[in-house]
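Work through the exercises below with the model open beside you. Try each task before you read its solution.

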Amino acid sequence: MIIVCRREKENSYLIPIPNSDMGLFGRKKYNDEDSDVWINKGISLAQLERYEESIACFDEAIRLNPEESMVWYVKGRPLKKLGRDEEAEECFAKAKELDES
């Protein structure tokens with residue numbers, strides 16, 4: 001697990017946290033079958049401008065919970081940043097459709 005300690009484009013640094021049964025602050029490690037974990041990871045990667053990796057995380061969250069409107073919306077944002085406007089608009093439309101149902 002890696003924690004971002006400072007968010008500045010030129011001066012970001014990461015601290016590795018050793019693997020164990022318990023994560024940071026004594027909490028159990030995340031469950032990779034939990035869509036929220038993938039959403040949070042995708043958001044973090046997008047904030048670091050690692051858009052392709054963030055999209056892969058959102059795809060995994062969608063696989064686990066395709067009816068979650070928020071994940072469709074947050075997937076659209078990095079797609080838009082990459083200039084993949086048509087795919088982004090499809091994600092935004094899907095998010096809106098799920099919100100309305």
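Predicted model: local features only at pLDDT ≥ 70, side-chain atom pairs only at ≥ 80, totals over all residues.

**Exercise 1. List the helices and strands of the chain, in order.**

Solution. Start with the count. The chain has four helices and two strands. The order of elements is β-β-α-α-α-α.

**Exercise 2. Describe the burial, the surface and the contacts of the chain as a whole.**

Solution. First, burial. The chain has 101 residues, and 26% of them count as buried. Second, the surface. Third, the contacts. Take those with a separation of 6 or more: 31% of them join residues 24 or more positions apart.

**Exercise 3. How are the axes of α2 and α3 arranged?**

Solution. Take the distance and the angle. The two axes come within 9 Å and cross at roughly 160°. Angles over 145 degrees count as roughly antiparallel, so α2 is roughly antiparallel to α3. Then find the residues that touch. From α2 come Y51, S54, I55, F58, D59, A61 and I62; from α3 come V71, W72, V74, K75, P78, L79 and K81. Last, the handedness. This crossing is left-handed.

**Exercise 4. Do the analysis again for α3 and α4.**

Solution. Locate the helices. α3 spans residues 69-81 and α4 spans residues 85-100. Their axes come within 8 Å and cross at roughly 165°. Use the cut-off of 145 degrees again. The pair is therefore roughly antiparallel. α3 passes α4 in a left-handed crossing. Now the contacts. Among the α3 residues that meet α4 are W72, Y73, G76 and L79. On the α4 side, the list includes A88, C91, F92, A95 and L98. Finally, check what follows α3. G83 comes just after this helix and has a positive phi of about 80°.

**Exercise 5. Which residues of α3 are buried, and what covers them?**

Solution. List the residues first. S69, V71, W72, V74, K75, G76, P78 and L79 are buried. Then look at the neighbours. The cover includes α1 (35-47), α2 (51-64) and α4. Now go back to the contacts. V71, W72, V74, K75, P78 and L79 are among the α3 residues that touch α2. S69, W72, K75, G76 and L79 are among those that meet α4.

**Exercise 6. Are E49 and E89 buried, partly exposed or exposed?**

Solution. Recall the limits. Buried means under 20% relative accessible area, and exposed means over 50%. Take E49. This residue lies in the loop between α1 and α2. Its relative accessible area is 38%, so E49 is partly exposed. Its phi is near 65°, a positive value in a residue other than glycine. Now take E89, in helix α4. Its relative accessibility is 41%, so E89 counts as partly exposed.

How values were computed
Residues numbered from 1 in each chain as written. Heavy atoms only, no water. Buried < 20%, exposed > 50% of the residue type's maximum accessible area, 1.4 Å probe, protein only. Contact = heavy atoms within 4.5 Å. Axes fitted to C-alpha atoms, helices over the stretch in contact; angles between N-to-C directions. Parallel < 35°, antiparallel > 145°, perpendicular 65-115°, else oblique. Left-handed = near helix turned anticlockwise from the far one by under 90°.
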